[in-house]
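Student: I've just opened this one and I'm new to it. Can we go through some of the labels together?

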Amino acid sequence: MSDAITGLAAALAGGQARIVDLTHTLDADFPVIVLPPEFGQCARFRMEEVSAYDHRGPAWKWHNLSLNEHTGTHFDAPIHWISGKDVPAGAVDEIPVEAFVGPVVVLDCSDGAASDDDFELTPDIITAWEDQHGKIPSGVWVLMRSDWSRRRGTDYLNMREDGPHSPGPTPAAISLLLERGIRGFGTETVGTDAGQGMHYEPPYPAHYLLHGAGKYGLQCLCNLDQLPPTGAMLIAPPLKIKGGTGSPLRVLALIPGDIE
Ligand code: 23J
Ligand code: MN
């Protein structure tokens, strides 16, 4: 019998802790990343009815699904990027399950992202956060709140002639988070990198640096405005796909009720 687990169950039942869903509903309309045309593209989610209590199956309804690993609210594994291709246990089926449950801190970039589609998370923002809340502890998920999850339709990818425009971290910001020993980095946008992240050095620094260091990514999150800056816990287990580079998943946050 573990007092900690019993205590958590009692806190959830008694309202001293609550669960917030950080997951978007996945359907065929959910936007997927669009890469430059010379590259292979991400397929949208598809759902095909196999039977619906009819002649194809009189008492049951079910669907065949087809999807890219990086569709909807999803997890990025180290082998997603070339820098992480030789990371031990770098595929979703190999990552130790302990990685999927851990503490989370939230960096609120919503004000800046409201007035600048290419808003950058910089080391200054991180150290200003630390002045208020203390040094970012090792082993945490760091989530970048941008309120981008409130965008609908074409505003979400925000494509222009030169590609997508959405907020994201600079290479120096990711390097600082890696110095802190984080578990992973998550965003409300379609990637852990900025829409224009290909123009940094290295290109797509969140993907390149995080996965090269064996860290994880989360994208297309929502409801980050309901999380406290510190004190919550994420439960984020991807599907156990052999050799998988990522997967859609349900992301849950456990929040102490006394934070409001
Ligand atoms: C493939 C290539 C570039 C990017 C991505 C995928 C993602 O953002 C992703 O979903 O991991 S930037
Ligand atoms: Mn991804």
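Predicted model: local features only at pLDDT ≥ 70, side-chain atom pairs only at ≥ 80, totals over all residues.

Student: Which residues lie closest to the centre of the largest pocket?

Tutor: The lining has 29 residues, and Ile-33, Val-34, Leu-35, Trp-81 and Tyr-204 are the closest to the centre. Strand 4 (74-76) and strand 9 (163-164) are the elements that each give two or more residues to this lining.

Student: How does the lining of the largest pocket divide into nonpolar, polar and charged residues?

Tutor: You get 14 nonpolar, twelve polar and three charged.

Student: What about the second largest pocket, how much space lies in there?

Tutor: About 180 Å³. Its lining includes His-24, Asp-27, Phe-30, Arg-151 and Tyr-156. By class, that lining has three nonpolar, four polar and four charged residues.

Student: Why is Leu-8 called partly exposed?

Tutor: Its relative accessible area is 34%. Buried needs under 20% and exposed needs over 50%, so Leu-8, at 34%, falls in between. You'll find Leu-8 in helix 1 (residues 3-14).

Student: Which residues make the nonpolar surface patch?

Tutor: Leu-8, Leu-12 and Ile-19 make that patch, which covers about 230 Å². Patch residues need over 30% relative accessible area, so Leu-8 with its 34% clears that cut-off.

Conventions: Residues numbered from 1 in each chain as written. Chains lettered and ligands numbered in written order. Heavy atoms only, no water. Patch = residues over 30% accessible without salt bridge, like charges linked within 9 Å, V, L, I, M, F, W, Y side chains within 5 Å. Areas by Shrake-Rupley, 256 points an atom, 1.4 Å probe, with all protein chains shown as cover. Salt bridge = Lys/Arg side-chain N within 4 Å of Asp/Glu carboxyl O. Helix = DSSP H or I, 4+ residues; strand = E, 2+ residues; numbered from the N terminus. Buried < 20%, exposed > 50% of the residue type's maximum accessible area, 1.4 Å probe, protein only. 1 Å grid on protein atoms, 1.4 Å probe; cavity = no way out; pocket = protein on both sides within 12 Å on 5 of 7 lines; lining within 4 Å. Nonpolar A, V, L, I, M, F, W, Y, C, P; charged D, E, K, R; others polar. Points joined across faces, edges and corners; volume = space filled by probe spheres on them.
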